[in-house]
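My entries follow in the order I looked things up.

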Amino acid sequence: MKILLVEDNEDIREGLTDLLESEGYSVSGSGTAEEGLARLRSDSFHLVITDYMLPGQNGDWMLEQAEREHRLRGTSALMITAHPRVRPPAGVRLMHKPLDIDDFLRVVYESITPLRAVGG
């Protein structure tokens with residue numbers, strides 16, 4: 001299962017990448033929404049995890065642009081943020097920082113499980 005992780009904080013991105021890879025996921029990382037969108041244009045993923053606040057455009061913009069371009073077909077999305085009043089796009093799950101690792105892994109698993117059922 002392939003995950004795109006868009007997080008500008010390199011320490012958080014590396015930590016989450018190590019965590020997800022230890023669970024058997026294949027993770028590609030990006031530091032900006034623009035880089036994340038470029039990855040979505042060139043590859044397919046089972047799950048996109050994005051921070052809300054990113055340099056340049058935010059994670060919300062990236063997901064909405066990818067949806068407009070039909071880049072999220074068969075792809076789940078999870079937004080993480082430290083901001084208390086973020087409203088994610090329709091169909092996008094939201095988790096607040098600091099992340100509880102067990103809850104984070106449960107949400108990742110739940111987000112990918114429907115895709116496993118249909119052979120995604």
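Which residue follows α3, and is its phi positive or negative? I find His70 there, with a positive phi near 60 degrees. I keep in mind that this is a predicted model.

Entry on the sheet. I traced five strands in an open sheet, ordered β2-β1-β3-β4-β5, with parallel pairing. β2 (26-30) and β5 (93-96) are the edge strands; each has a single partner strand, so one side of each is left without a neighbour in the sheet. I get an average twist of 20 degrees from one strand to the next.

Entry on β1 and β3. I looked up the pairing of β1 (residues 2-6) with β3 (residues 47-51): the two run parallel and are joined by four bridges. For Leu5, I list Ile49 as the bridge partner in β3.

Entry on α3. I checked what this helix (residues 59-68) packs on: it lies on the sheet and touches β1, β3 and β4 (76-81). Its direction makes about 150 degrees with that of β3. I looked for the buried residues of α3 and noted Gly59, Asp60, Met62, Leu63, Gln65 and Ala66. Their cover includes β1, α2 (33-42), β3 and β4. At the N-terminal end of α3, I find Asn58 as the cap, with a side-chain oxygen 3.1 Å from the backbone nitrogen of Asp60.

Entry on rings. I searched for aromatic pairs and found zero. I did find the charged end of Lys2 over the ring of Phe45, 5.4 Å from the ring centre.

Conventions:
Residues are numbered from 1 along each chain as its sequence is written. This is a predicted model: local features need pLDDT of at least 70, side-chain atom pairs count only at pLDDT 80 or more; totals for chains, interfaces and linings use all residues. Side-chain values use heavy atoms; hydrogens and water are left out. Rings of Phe, Tyr and Trp (its six-membered ring) pair if their centres lie within 6.5 Å; planes under 30 degrees apart count as stacked, over 60 as edge-to-face and the rest as tilted. A charge sits over a ring if NZ of Lys or CZ of Arg is within 6 Å of the ring centre and within 35 degrees of the ring normal. Two strands pair if DSSP finds at least two bridges between them. Axes are lines fitted to C-alpha atoms, for helices over the stretch in contact, and angles run from 0 to 180 degrees between N-to-C directions. Contact means heavy atoms within 4.5 Å. Buried means under 20% relative accessible area, exposed over 50%, partly exposed in between (1.4 Å probe, protein chains only). A polar contact is a pair of N or O atoms within 3.5 Å; within protein, one must be able to donate a hydrogen and the other to accept it, and residues adjacent in sequence count only if both atoms are side-chain atoms.
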